[in-house]
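These are my notebook entries on one protein chain.

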Amino acid sequence: MAQSASRQLHHLRKVCRAFRLSDKAEAAGAWPSWPLQLLHGSQPRAYIAGAGASDRPPAFVFDIDGVLVRGNRVLDSAKRAFERLYKDGGQTPRYPVCFLTNGGGVTEEQKADELSSWLGVHVKENQVVLSHTPFKRLLPSLKGPVLVAGMGNVVEVAQHYGFKQLLTPLDVARADPSIAPFWKGRAGCAADSAKEGGQCPVKDLGYGSEEKSIKTVLVFKDPSDWYVDLQVITDICVGGGVIGKWKPEADADQAVKVYFSNPDLLFAGEYPAPRLGQGAFAAALRTLVREVTGRELNHEFMGKPNAAPYELAEQLLCDQAMELGLMDPQQYNAEQEETCPGTTEQAGAREHDSLGQSLSPFSAIYAVGDNPKADIAGALNARARGRPYVAMLVRTGVFSGERANDEEFPADVVVDDVDAAVQAALHRARNMRWHSMR
Ligand SMILES: [Mg+2]
């Protein structure tokens, strides 16, 4: 019985991943083309349910900073929203719910515990996608020492994911403080470093040497000491992974790759104006490497608005839908899976015929965020790849004021706060279900 459930879950995950809307179908306006009414205010008005009306469950993806909290302050609208979304005294979500944030520096379990205490509902580890959660996918392909950067317990998080041979920029600076001459710290092994068996990663273990060069830099979270981090990461990039090998003129093979968990230039904290985020650090590093070497930094961004976190979130939503009994896996038979759309023109035509939702497990995934460049752009990007996202923008964070919508990345829905967004989404979901029953 357990094996059967596991097989069904595996099958459903494949379906979730396989569903793609073809370019042809999208160009033809098959989906998304809901006449979704733009909202300006806290009270949702009636929607007109259109093409794509469905009795499938809705799902929710929430950004955290600027949507549920500002700094350490939990927004009242967040508590109200989760009273609507949860039942059983806050133990069970009515629909699949996932938290998708460009924040990090903690494990998914720690963030889930934090969310539980903030919102007064039970949030589980498998409902959380942090900015660095997609780093887990790199694990099988990485070899050799890995430099991890960012404030918080990033080494602990990296170890929790299974990464080994870790060191931090501070480990490098402590090995030889003249590397960062304006840094006020001291030489020695750091108590919080990634040293193994009490050994210094650079001096004792040889990380960053010719034999154990550093080919990967993972920026888990915003660095708090830009000077040391910029100096050390620039050193590693210029030296092809070898500390002390400064060869900016070399026709390097881009041996080192830097992964940033969060591309946000700005974020909303307690201060009334937006603050510089990890994207600003990335911009500084890219400029430094370009100025020093004449080459572009070999790098990749993982967080919103990129695809990886949305793919992870949807897998988690599928798992929850199964757990909550909201989906019947039998409806997705093997024959359907074999003919999933998106790979051939013929399949695209089939998709078009069925309004593009025949294999989507959700009527819609409502993505609520405050940052147009991250949350709204990410949801719209995911939709462009054929996923059923609805982009909902709130006015409690980076986006605020009286503007009707963001001009560069206009959302489908603009409301005052997250409670209004949830009300609007539930209203639309009810309307879609009602129309599908007529
Ligand atoms: Mg935010």
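**Strand β9 and its partners**

I began with the pairing of β9 and strand β11 (residues 216-219): the two run parallel and are joined by four bridges. Within β11, I found V219 as the bridge partner of A149. I note here that the model is predicted.

I then looked up the other pairing of β9. Strand β10 (residues 166-167) is parallel to β9 and connected to it by two bridges. The residue of β10 that stands opposite V146 is L166. Between β9 and β10 the chain passes through helix α5 (residues 154-161), and I recorded this β-α-β crossover as right-handed.

Next I checked the side chains of β9, which spans residues 146-149. V146 and V148 point one way, L147 and A149 point the other way, and all are buried. In a regular strand, side chains alternate between the two faces of the sheet.

**Helix α3**

Which residues of helix α3 (residues 76-85) are buried? I listed S77, A78, A81, F82 and L85. They lie on the same side of α3 because they cover an arc of only 130° around the axis.

**Whole chain**

The protein chain has 438 residues, and 49% of them count as buried. I noted 13 helices and 18 strands in the protein chain. For contacts with a separation of 6 or more, 70% are between residues 24 or more positions apart.

How values were computed
Residues are numbered from 1 along each chain as its sequence is written. This is a predicted model: local features need pLDDT of at least 70, side-chain atom pairs count only at pLDDT 80 or more; totals for chains, interfaces and linings use all residues. A residue is buried if 20 or more other C-beta atoms lie within 10 Å of its own, exposed if 12 or fewer, and partly exposed in between; C-beta atoms are placed from the backbone. Two residues are in contact if their C-beta atoms, placed from the backbone, lie within 7 Å. Two strands pair if DSSP finds at least two bridges between them. A crossover is right-handed if, with the strands pointing away from the viewer, the path from the first strand over the helix to the second runs clockwise. The arc is that of the directions from the helix axis to the C-beta atoms.
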